[in-house]
Each structure stands twice: as structure tokens, then as C-alpha cells.
Amino acid sequence: MTPAPEAWIAANQATLAAEFARLKALLSGAAVEPALEEIERCRAALPMPASIDALAQAFALSGFERDLLLLVAGVEMDEAIARLCARRHDAEERDWASFGLALDSLPDPHWSALTPVRALRRWHLLEVEETARLTAARLRIDERVLQYLAGINYLDPRLRPLLRGLPRPAHLAPSQEKTAEALAARLLEDAAAPKTILLYGEDRSGCRDIASRVCERLGLGLHRLAAAEIPEPGHERALLATLWERDGLLLNSALLVEQVAETLNPHQIAFLESIEGLVFLSAKSEGEAAQLKGGQVQRHRVEKPEPAEQQALWQATLGAAGAKLNGSLEGVSAQFRLSAEQIRRTAAEIGPTLQAAAEPDRSFWQACRQSQSARLGHLAQPIVSRVSWNDIVLPEAEKRALGEIAVHLRQRLKVYEDWGFGTKSRRGLGITALFAGESGTGKTLAAEILGNELGLDLFRIDLSAVISKYIGETEKNLSKIFEGAEDSGAILLFDEADALFGKRGEVKDSHDRYANIEVSYLLQRMEAYRGLAILTTNLKSSLDRAFLRRLRFVVNFPFPERGEREAIWRRVFPEATPTEGLDFAKLSRLAMAGGNIRNIALSAAFQAAEEGAAVAMRHLVVAAHGEAAKREQSLTDAETRGWTTGGRAS
């Protein structure tokens, strides 16, 4: 919270001293008028209400309850009051306040002041030591309350392990700013508006931003509590609720409860329903939370900022540092789904270094990529690659198709947002591609090239972990994959996808019907996915034609002709590899695809390294026979004529 100004602290302490002077007059039987006049003079010097007046108003204390609280505080802060209490008790050791003393000494006394349902005990402002008689019991003031009266306002130490104050967000996405303004306006204009507000959706930090902005408009602070930290039913949970409600009033703050699990458990719901005042709940979905307090809840869905909003946020947060970026803001906004908080944090980290960066656009892109790396767990494996277009050999038509995929990824923001293609419907805006061809023809290599050239993460989907025999599990796994990759716009590679995306057959039983539902679900998710989803297959003919029609790109990877095979052989050895007498024209007669050629070259390199020699034809012929044996095939004489092994013609 914002510290109190020094002028107020001094005036508040003077007011408190004048109040203690009034109490001393009441205890000693002296005239109270001089103290009352001093109190009025001190109040006139206060830039805002004294702490005792603010507390009395917040908890609706009666005049007697207010004086009783001041009396107990005075015993702790003014030795003269303690001595007067001992004199009134007629016992030197009883230099403290009791309820009986207050009833005898303070104006307008009432017995109900210390009942558990009244403010002093309900909010733990005062504690009563257990004795045989209530009137004789020693009264103590809670230290948190005592410090508040002295002008020191802080979160109760018992709450600090659980709650954290939230700062004001500097910039919000326009759509989220609009939601916050609407909520604040309703709370200000309609006293009957529900004080429990459910903010749900994928942008959890956006929920936090909206709650913070609403509180800012209402002049409130905001503290966050994780739902998982709410204790089980019992004294501890009741104390947490009481202490928070008390500190919420003292700190003039609202509460934000953040739900991590899919649903709230019963004791979390009971806790939320017990809290009075303004409470925000941040959740992934509506769930049971929508029925809190009998459904008297304001509900708002919170999505991550759209690309155009992200671009505006980047410009606002980077300021002058963004001037060095040549078009990267548009590309990053189209590619990554960043929340306003992530944009603020990334801008703070990368902004100061952009001016001195040799390649500011590249540095900026990498920073955004790292801040939003996809997390797909055991369902996918990341592929790290440094290959480029020079590492693949394909006919020109197929290369152009791959280049067009890259163009679609780079220009999505302009076409969908600026040119309006995405305004009417979000369906069908995903970029989907099928790479079809025999094993080893370059399908995975092409995906690696796209990932490397575009600066995107690439994940190979483990279909054995995705496909489940249990009804509904396959869709859950697919949902986890797309949700995990959505924000980073990662490239998803469903390698050898025939098992999952085969023809939808005739429905003979419930499992056939469900298999068709799985395919339909996948199509919907792919069409809605912001990134690139690539399917690879060795058997294009096995795919459902209806499925093929809904793919944006279909790229065929033909078995390489002899000239293409020669080009592959010439590129397969890195520059640092020592070679001797390699005849690429003869090697090209070997009827194998690029993947097999790489395996042969790698195997031959290991043989040569073991011998301490350069890679030669004799190493390659041995490796070629080994590769053919893996495929349960034999090499023909025509393929290896003129090759040598151990000095002999093969």
C-alpha cells in the first residue's frame, strides 16, 4: 500500500494524544471540554480522517465501542492511563482495562459491545482473557489494530505467507481495459451489483490485470490469494476469513482468489461465500464458480489480446526502443499469443538492450520466443534444427509450395487483421499442411527447415502417447497438445499420421462412431490453431478425401530421381568431413531416398573415423549394404557397379 504522508502521521498522533487526554479526564473525573476542543483542532489539521475515525466508520462502531477500543489502546501507549486503570480497580497490579471499568467510566455504555457478534470481537479488534466474570476480564487490543491506530498500516503478519499485494498494470489490452471500465462503472453506479466477480478464460494474467484496474478505478488496493492455500474447514479457515475481511477494510483492499485446479472444492466455495466485500475469482472456466452466492456473480470471459492489440501494447511498452525494429512487432504479434503481462515483462528485459543490439529484430524475436516456449510434456518431443533451404533437394514445384507455407505464416496479421479476412469468422484460419511421400524423402527435414527459417519451435507428436483405446482420452490428449502450443505458435508435426487420420470407415459399432468423432474433433482444432500443423504420411491414398479437402496445403515428396540423388550425395557430407575419391555420379545410381542416403553417409563416416582414414567409396559400399539389409533388400549389381571395397570391384 502507499505509505501515509508524514503530515498526516504527525496530525494523527496528535489527535490520538488528545483522545487519550479525554479518556484520562473521564477516568479521573476531570473536565473533558479542554480535551474535546484539542481534538477538534487536531482534526482540522488532518488532510484525511484520523485512523480511529476511519476504523470506527469501517466497522460501524458505536460511540461506546470506539471509546472502549481507545481505552484498551491507551493502556498500551500511555502510562498515565494504565495507572488510572489500576487506581479505579483499586489494585496496583491491575493496570489494565476491563469491561466493568469501561461500563463505569465511559459515556453511553451498552452490554452488547463485547458480544461475539459485535464488531470488537467479531473482527478480533479486542481479545478478552478468559476469567470467571466477563466484567473483570482483562481486555487486550490486537497488535495489528494498535499499530493501525498509531498510523502504521500493513498486512497482518499472519496473512503475509498467503496473500500478496498486486501492483497497478501500466498498460492493458484495449478489450480488457473496456471490460475493467464497465465493471468499475457498474460497481460505482449500482449499489446492488454483485460484489463477487468471476473472471475466467485462458489469459490468467489478464484476469489479474482487469481486477487490478477495477480496484484502481474504485480507489482500492488488491491482494492475491491462491485457492489452493485456503485451509480445510475449521478454526484456521474461519480465522483466515476474519483476518482478511478486517485487513480488507483497514487496507481498503479487495481480494483476488486465483484458481489453478479445474474446479473449486467444497471448502474453497464455502470460504468464498463467507467473504463480504469485493472478491474477484480468476478461473480457467466458469464451472461451479458461476453458482457462488446463489449465482449472484458477475461473469466475464478474458481472452488473450488479439494480434492488433498485442502490436499496440508492444509500441506502448517499448516506446522509443521499438523504433529500431523493422517490422518485427507485426510478425511477433501475429506469431505469439502473449498476454499484456508477458509483453510488459519482455519489453522491460529486452528494451534497454535493443539500442545496442547488432540485430535488434532477431534479438527481439528470440526474446519473445523464449518467453512463450510451448510446454507439451510427454505428448511431444522438441526438435532442434539448424538446417536451411540449401539442405533439401526437391523439385521446384514442391519447393515453391513450402515457400508459400512460410509466406502464409509471416503475413497472417496483415491478411487476417489489416485486410479483414479474419473479421467474420475465426474458423479456418489455421495453417494446415500434409506432407506425403515415402520414408526418407524429406518430409521431416522440410518441417525442420520451416521451423528454423521462421524462428519457431518444432514439436514431433508422439502418436503412441496421443491415441488411447479409452473413449474420450484421445480428444483430451489432442486438446492438451493444441493448448500447450497455442500461445507460442509452435509448429506441430504429426509424423506418420496414418494411424490417427485414416479414412473414416463405415460405422458398425460405437468404437467406429467414436473414431469418426476423433477425426472431426482434430479437424476443428487444426482449423482453429493459430500456428502450423503438419501431418506426414507414407500413404496418401489412405487418408479420407473429406479430410484432405480441409487441408490448406498438400505437398508431395516424390522419390528422388537420379539427378536429385546426386545433388543429395553432394550435400550430405559436412565441409569438415574428410573425403577421398568419391564418385557422386556412381553413388547416384543407388535407388534410395535422402533419409537413407544420410544414414549411409553417417555409417561410412564412423567406419572411416575408426580407421583414421578419409571417407572413401569402400566405406560407402559397406554402409550401403547395411542400409539395404535393414530394409530387407539387396543391392543390385547395376547400383554398385564401379564401387570398390578393399580394392576390389563390387
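Analyst: Let us start with a definition: two strands pair if DSSP finds at least two bridges between them, and strands (E, at least two residues) and helices (H or I, at least four) are DSSP runs numbered from the N terminus. This is a predicted model, in which local features need pLDDT of at least 70 and side-chain atom pairs count only at pLDDT 80 or more, while totals for chains, interfaces and linings use all residues. Residues are numbered from 1 along each chain as its sequence is written, and side-chain values use heavy atoms, leaving out hydrogens and water.

User: What makes strand S6 and strand S7 a pair?

Analyst: Strand S6 (residues 253-258) and strand S7 (residues 279-283) share four bridges in the parallel sense, and the definition asks for at least two. Within S7, leucine 281 is the bridge partner of valine 257.

User: Which strands are called edge strands?

Analyst: The open sheet has six strands in the order S3-S5-S6-S7-S4-S8, with mixed pairing. Strand S3 (163-165) and strand S8 (298-301) are its edge strands, as each pairs on one side only.

User: Why is cysteine 207 called buried?

Analyst: Buried means under 20% relative accessible area (exposed is over 50%, partly exposed in between, with a 1.4 Å probe and protein chains only). Cysteine 207 has 0% relative accessibility, so it counts as buried. Cysteine 368, also at 0%, is buried.

User: How do you know that cysteine 207 is in no disulfide?

Analyst: A disulfide is a pair of cysteine sulfur atoms within 2.5 Å. A search of the whole structure finds zero disulfides, and for cysteine 207 the nearest cysteine sulfur, that of cysteine 215, is 14 Å away.
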